[in-house]
Amino acid sequence: GHADLSGGRLLSELHRCTLGMGINRAHRGLGQGRRLLDAAIAWARGEAGLSWIELGVFHCNPRAQRLYRRCGFVETGRVLDCFRVDGVVIDDIRMVLRLC
C-alpha cells in the first residue's frame, strides 16, 4: 500500500494537506489501511503541525468510506461525474479531518 500527503502551493493554504492512499487488492481487509492512515494522521498532526487533512473517495468504495469515518473524517460534499472509468461514471465524495 501507499499513503501520501501533499500540501498546497500558496503560503496561505499550507495548514492543509490532501491525502492519497491505496492498498493492493490482495492486502485489503487486513488492517493495512488503518495503519497507514493512523501514521499519516500522526505525522500531519505532530511533525507537520497541520490543521486539516482532505481527501476524495469514490462513491462506490464503501469500505474506504467507513475507514475514513471511523478515523474522524466527515463528508463535506460530492463532485458528480468526477471520473469515468471504462464507461462507468464515478462521483467523488470529499471528506475532511480537523486535526486541532
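**Salt bridges and aromatic pairs in the predicted model**

Phe 83 is partly exposed, with a relative accessible area of 33% (buried is under 20%, exposed over 50%, partly exposed in between; 1.4 Å probe, protein chains only). The model is predicted: local features need pLDDT of at least 70, side-chain atom pairs count only at pLDDT 80 or more, and totals for chains, interfaces and linings use all residues. Residues are numbered from 1 along each chain as its sequence is written, and side-chain values use heavy atoms, with hydrogens and water left out.

Two aromatic pairs are present in the structure. Rings of Phe, Tyr and Trp (its six-membered ring) pair if their centres lie within 6.5 Å; planes under 30 degrees apart count as stacked, over 60 as edge-to-face and the rest as tilted. Phe 83 pairs with Phe 58 in a tilted arrangement, at 5.2 Å centre to centre and 50° between the planes. This pair links distant parts of the chain. Phe 58 belongs to strand E3 (residues 52–58) and Phe 83 to strand E4 (residues 74–85), 25 residues apart. Helices (H or I, at least four residues) and strands (E, at least two) are DSSP runs, numbered from the N terminus. Phe 58 is partly exposed, at 33% relative accessibility. Tyr 68 and Phe 73 form an edge-to-face pair, because their ring centres are 5.7 Å apart and their planes stand at 65°. Tyr 68 is buried at 7% relative accessibility. Phe 73 is buried at 2%.

Salt bridges were assigned by distance: a side-chain nitrogen of Lys or Arg within 4 Å of a carboxyl oxygen of Asp or Glu. The count by this rule is six. In one of them, Arg 34 meets Asp 38, with the closest N and O atoms 3.0 Å apart. Both residues lie in helix H1 (residues 32–45). They are four residues apart, about one turn of the helix. Arg 34 is partly exposed, at 34% relative accessible area. Asp 38 is likewise partly exposed, at 35%.

A network of salt bridges links Arg 69, Glu 75 and Arg 78. Between Arg 78 and Glu 75, the closest N and O atoms are 3.2 Å apart. Arg 78 is partly exposed at 45% relative accessibility, and Glu 75 is partly exposed at 34%.

Asp 92 and Arg 94 also form a salt bridge, at 2.7 Å from N to O. Here Asp 92 is buried, at 5% relative accessibility, whereas Arg 94 is partly exposed, at 35%.
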